[in-house]
Each structure stands twice: as C-alpha cells, then as structure tokens.
Amino acid sequence: MRRRTAILALLAASCAAAAAAQPREVTQLSEGWRFLQGDPERAETVGYDDRGWRTVAVPHDWQIEGPIRREARAGGAGGFFPTGVAWYRRELEIKPQAGRRWFVELDGVMERSGVWINGRHIGQRPNGYVSLRYDITPFLRPNGRNVLAVRADTSNAPSSRWYAGGGLYRKVRLVSTGETFIAQNGVFVSTPQVEDGHASVRIQADLFNMARTERPLRLQVTLLGPDGRELARTTGAALRVGAGRTERLQADLRLAKPRRWDVADPALHRAVVRVLGPDGAASDEQAVPFGVRTAEFRADSGFWLNGRNIKLKGVALHEDGGAVGMAVPLAVWRQRLTRLKAMGVNAIRTAHNPPAPGFLDLTDELGFVVMDELFDQWNVAKTPHDYHLFFGDWHKKDALDIVARDRNHPSVVIWSAGNEIHDTAYPVQARAALNSLMGVMHAVDPTRPVTMGLFRPNVTGDYRNGFADLLDVVGQNYRENELTQAHKDKPTRKIVGTENSHSRTSWLAVRDYPAYAGMFLWTGVDYLGEADRSGWPNIQAPSGLLDRTGAPRIRGLERESWWSEKPVIHLVRNATPDAPPVSTDAPGGPAAQMPVTVQVATPAPPSRVFADWTPSDLGPHPETIEVYSNCREVTVTLNGRDLGSQRLPADAAPRRWPVAFEPGKVIAACTGSGPTSGAGSEAPRAELRTAGAPAQIVLEPEVASVGSAFDDLVYVRARVADAQGVTVPSAAVPVRFRVSGGQLVATDNASNVDHTPFSSPTRTTLDGKAVALVRGGGSGPVQVEASAPGLKAATVSLAARP
C-alpha cells in the first residue's frame, strides 16, 4: 500500500511537472455557447437562467440567418439583413491557481461590445473589428464555475460599411500563462538589415510582471527556418521588473543566407519567444511567424520587393464570406485568394477595416502583399451612428492595438489610416487627426509607411494645403490622372491608387506610369450590402472579379488576361460589342456627372457578355466572339471553320470576331511563335459549345477531401447540363442538396436578389449553377447528392481529412 501511494505521488508529481512545463496554454472557446437575440435584464449575472437560449458554436454571425426584410433598419447598406442586440454566455471551468493568470481573447465582436465574468464588467469596445484581451484572473470563483457573458449591439445600424454581421463573429480563446507574461501583441519582430548573404533579426517583447514582488526576467529567443529547423538562439541578460510593471526586452540575432519571403516564394520563419524567471523556467511562450524581406515605395518607380520593381495588381476586399456572413471559415478565404492569385492579383487592401488575424496568416502563406486599413470614418460621419461618435476617445487605442497585432505579418507592407475620410473638408481638423494617428502608427511600427484613400483631393485642396504630404505614400481613390498630375507637380511624392475602377483606361493609366506603385480594384469579390443605391430587392454589390461564391465573373476573366504572367485565354459571347465599356473616368458621359463612389456602387446596365455559346435565339443572327488573352496571337474557329488570327493589341483591348450565329463549337487557341506566345503543345485554348435540353445535374467539388473543424469547407458546385455535359445557362431549377457523413453549411447561387435563407438545402440555379458549402463529420467519407425535378441526380464523395 505504501509503495502504491508512493507511485501515485510520483505520477502526480510528474503530471504537475508536465503541466508546469507548459508556460502558455491556449483553449479555443468554440463550443458550448448559449445565444439569445434580444436584450434581457441581468443576462450578465451568474445566476441568470439561460436554459431557454439556443446553443451555438462560435465564430457565429447571427444576422446572416435573416430574414431579409425591406424594412430592416440597416436598409440596403446592410443588405436588408436584421440587426439588434444579442447576448452570448458560456461556462468556464477554471479554479484559481497560485502563480497562473487567465485571459479571454476575442478576435472581434460586432459591435459596441460589453464583456462580463461572473457578473463583473471587465471591458467594452465600440469598434467591432479590433481584437480584445481581458485578464479575468481577479474575478474567478474559488469553486471553478465561472460564467463569461458578452453583449453585442448592432441596433444602431447602418454604422459600418457595408454588411458587417453581428455577434461573436470571430474566434474566442482562453489563454493561461505564468505571473510574468508577454503583453497582448507584445512581440515585435523586425529585420533591420537584409543583405544577399545575411539578415539581422530584432525581437522586442513587452513583459508584464503581475507577481507581488520584483522579478529578474530574461528573454530567450529561438529562430526557426521555413523547414522548422533551428537557425539561431540567444538568451539575454536578466532585467529586474518591478511588481505590476511592464518592461521591454530586446534580442538581436543574425541569419546567414536566409530564404526570403516573396510573392513567388512566401517563406515563413518563426521566432519562439520565452520569458524566463529567476529559476530558468519559462512562465510564458509565444511562437511568432515572420518573414525576411525588404519592401519600399519609391517616388520615381513605385513599389519594390526584395530589390525587384513590382506593379501592385491589387483588389479591395470586404470581410464577409457571402453565404457564411461575417463568420468566415479560412477555407472560404483560401478558395477566394487562390482564385485571385491565379488571375494575377498580387495585392490586397482590407477595406475598410482590419481583417481577422487568420486572414493575414493566409496572405502570408499564399504570397500577397497587403494594405492594412484601419478606419472608414474619423470625426465626420458617413452615417449618423458610425465610428465618428467614438473616434475622439478611441482612435489612439484602436490604432495601437490594430498595428501591434498585425505588424509581424510579412504580407503587410503599408498601413492605411482611413478611406475617403470626410474630415478633409476641414483641413485643420483633418491634419490634427492624421498627425495623431500617424504618431501612434509610427511609434508602434516604425518599419512601414502610412497612406490613406484620399477622397476628392482636388476639391478639398489636399495637394495644395499640405495635407496629402503628411502621408508617407500618397493614396487616392479613382481619378488616376489627378494622382499622376499630383506626382508631376511634386515628383518627390510616392503614389499608389488606393481604390480603382475595373475600366481598361484606369489600368492603362497605372500600367504606363512608372511612379504609380499600383492599384486596388473595387472590388476583388462581390460583397453583401451597399445595395442602398440599387435598392430592394438587391442584397449585394456585384462589383468583384469573383462572385460571392468565388466563381470568376466576366470582368475577372478579362482582368486575368491583363495581369497574369502565364499564358491566358478566355472565350465569351458579346451580344452588344458596340456598347461603350463601363468606365468611371470617361469624360462627358452621364456617369462622369456623378461622384465616383456613387458610380461604382450604382448598378450598370445588365451585362450582355456571356461565357456560353447558347443564346436564347438559336437561329441565324449576329453574334460576336470575344477573346481575353495575353497571348501574342489568337486563332478562332467555329465548327472547325478558321475565322482567322489576331495579334495582341497594345492597349489590352479584347479581340473580337463578328459572326452569324450557328449552333456548335467555338474554339480559341494561342498560336504564333516566341517565348511568351503561349504557343506549342501545351498552348492554352478555350472552348464554348451550344447546350441542348437540360438532362442532368453535374456535381464538381473544388477539392477532394474535407476536414471537420470550423475553418474546413469544400465548395461543391452543381450545374444543370445537357446529355453531353454542357451547362445549360438558361436553366433555373430548384436543386436540393443532401449531405451524409458531414454537414451542409450553406447553399448559394451568387444572385443579387435571391432571399432564400443561405441555410436552405434547396437553391434555384442562376445561369444553370448553384453551390453547396460542405463540412466533414470527422471520420469517414462525406456523400453529397444533388437532385432536381426531371433531371438525373448526381452524387460525389469527399474523403475525410483529419
């Protein structure tokens, strides 16, 4: 018995030692939340009876569930989705333990949040995009039963542009450390010197001592290469940190011949930072990914990355994920970003607020450069209840937290202090606000420049009164010729297009002016909201290169032919080739009489360009075959008949072949010769075929396997096809999806006006297509079936991924 007791004691000591060996423990708080849309009294208290509330998992956007209603307070700006107050409650089993601290981290709460632990109010934040951290240690109950409560309030909508969702729409976690720990966003990794043969790496860490006595603390840093191998290590000298005090410790290391982070090779290093106490044991630890790279903007030649001059071919992105609302699994962004990169996009602007942390992890991994934008309003309102109400009190704290959180991402190369800020009509006030912001941003991150999207600068005199020149890089939305002229007037200005139209004239203005660092299209992906100008029943702004399901729009196919560095060819049918292109800077036309921001948000006439060879009239009539390609020469055939070749125009205009329509097959192929012609056995080609009568459903998953975590999803695309498998573009049939072994998360068809709940298993096809978003069940294959009345059903199987 005595021996058994000794063994049990030894096991207990081993377990305790193992626990003590974990200086930082992170627990994702995803399951087990109680949710109520409403605002009951005393919902923050421990004893409140929440058994009648729904059980949900977070991230959770309650507003995306609908209903979509014309009288919704948010109106078209918010896509006619509901808004209001919502509560979340969750029990935390934590028993206070000597020498440990506990924190709750919330990546974002939309919006005007309040947080309570055991009935004690521990924080509030009006900004719904800022990540939060609260120390809950002093308020934990001895019995271990604790209640975390969060209130989110969007009842003042529209208060953020555009659809912003509601609730705990980003991740929540519990973090436990020792009494001496790294402050929130307290690690900053920079590379002061990057040369061909070496790089210096500097780590600064803000350390908190919450012990009752002074402690000697040391900083230990280990650098790991992209392959995970240790490259360097250092342990600094001890610094005595007083009780309740914060001190910054620094370590400098050197890397020999580091692999650089680049858009073509996004190699990521890691810095493992440990806080060591007087006994040498670690009380906190954090692994921080970073990249070794150089990035700069030059006045004469634009943007340079690792010594190479690169034109920024960028897009602006809103944060919603279409059918999943603002609670966006990373699989949604991975699918979208992968598609965009294949089109030649190399840069992202986070419009008009900072994104979820995981989004920047993806841009690091996939090799994009990012303009990280902080604010859409300063002191002057765009809507009566937006952030202007809080800017004066909160902008310094918000800017500090945003920049500190995102500054280690190598993909982030520039900050944007604001978008189309209306304060510029009041120059003294605007200069004071910008100086205040830039003071914080440069103090927290002295390594990156700051820009903003200027709004009508020639009207408010920004180039004449000195305001624009407060910026490190001058950014302007639209009116590319104005920004070019501002640079010619003062050639020391560094310039970038912060928001630009899809027109070819806009691209040529940027392409052909070397000082123009690049452009950011409005937008990369269709987004919910900003339907206030188009009006009911529209719920979205269809302005993307991709629709909200991540499928390319016609304008995306054309953009790929301008931006991709690989041979590209796309084939479409243009029913109105003589119509002028939609351009936001065309002089003299009706659009030119409107402000640009109104032009891009006002629906254009219905497009008469189609990615099919199946017009409604199958008899002889005029049609135009249109090709988007960067190949030097393109040849087109119709039913085997050679229609001739055309060479690449210098102005990137599409190549067109007018024909008399006849059913059959159109083929466009890259021909000619030369190293960049795209010719040869692997030459790209495109094909369109005339569809027959609808006969079947075809299911096409974008990837072959799927996991079961929140961030795991697969797009399974359904299309109505004829007996030969050709998509029938006129088919509008209700497709019913069934999933076994997994979860049907949502269905969609990218329609502007479909109000069917995204959770519905039935979705009517648009242009013959619909999509299901599917998640795995954890083990075993996932079966997806799609059926429609009168059509042959289809089934696909997805392998389970751990």
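Colleague: What makes helix α9 (residues 554–563) largely enclosed by the rest of the structure?

Modeller: This is a predicted model, and every label I give is computed from it. In α9, eight of the 10 residues are buried, so the helix is largely enclosed by the rest of the structure. Those buried residues are Gly556, Leu557, Glu558, Arg559, Glu560, Ser561, Trp562 and Trp563.

Colleague: What covers the buried residues of α9?

Modeller: The cover includes the helices α2 (330–342) and α8 (504–511). It also includes the strands β22, β29 (518–521), β32 (569–574) and β34 (622–629).

Colleague: Strand β22 holds Val315. Why is Val315 called buried?

Modeller: Buried means under 20% relative accessible area. Val315 has 0%, so it is buried.

Colleague: Which residues is Val315 in contact with, leaving aside its neighbours within four places in sequence?

Modeller: They are Leu340, Val345, Ala347, Ile348, Arg349, Phe520, Leu521, Thr523, Gly524 and Leu545.

Colleague: Now to a pair of helices. Why are α4 and α5 called roughly parallel?

Modeller: The axes of α4 (residues 391–406) and α5 (residues 427–444) cross at roughly 25°. Angles under 35 degrees count as roughly parallel, so α4 and α5 are given that label. Their axes come within 9 Å, and the crossing is right-handed.

Colleague: Which residues make the contact of α4 with α5?

Modeller: From α4 there are Phe391, His395, Lys396, Ala399, Leu400, Val403 and Ala404. From α5 there are Ala433, Ser436, Leu437, Val440, Met441 and Val444. Sorted by kind, they divide into 10 nonpolar, two polar and one charged.

Colleague: How do you know that Lys397 and Asp401 form a salt bridge?

Modeller: The rule asks for a side-chain nitrogen of Lys or Arg within 4 Å of a carboxyl oxygen of Asp or Glu. The closest N and O atoms of Lys397 and Asp401 are 3.5 Å apart, so the pair meets the rule. The two residues are four apart in helix α4, and they are therefore separated by about one helical turn.

Colleague: What makes Arg125 and Asp398 a link between distant parts of the chain?

Modeller: Their side chains meet in a salt bridge, with 2.8 Å from N to O. Arg125 is in strand β7 (residues 120–125) and Asp398 is in helix α4, 273 residues apart. Both Arg125 and Asp398 are buried.

Colleague: How many salt bridges does the rule count?

Modeller: The count comes to 56.

Colleague: Turning to the backbone, what is noted about the phi of Arg42 and of Tyr478?

Modeller: Phi of Arg42 is near 65°, a positive value in a residue other than glycine. Tyr478 also has a positive phi, about 65°, and is not a glycine. Arg42 is in the loop between β2 (33–37) and β3 (54–56), and Tyr478 is in the loop between β27 (474–477) and α7 (480–489).

Colleague: Where are the cis peptide bonds you have noted?

Modeller: One runs from Met110 to Glu111, with omega near -15°. Another runs from Trp536 to Pro537, with omega near 10°. Glu111 is in the loop between β5 (100–106) and β6 (113–117), and Pro537 is in the loop between β30 (527–528) and β31 (540–541).

Technical notes: Residues numbered from 1 in each chain as written. Predicted model: local features only at pLDDT ≥ 70, side-chain atom pairs only at ≥ 80, totals over all residues. Heavy atoms only, no water. Axes fitted to C-alpha atoms, helices over the stretch in contact; angles between N-to-C directions. Parallel < 35°, antiparallel > 145°, perpendicular 65-115°, else oblique. Left-handed = near helix turned anticlockwise from the far one by under 90°. Contact = heavy atoms within 4.5 Å. Nonpolar A, V, L, I, M, F, W, Y, C, P; charged D, E, K, R; others polar. Buried < 20%, exposed > 50% of the residue type's maximum accessible area, 1.4 Å probe, protein only.
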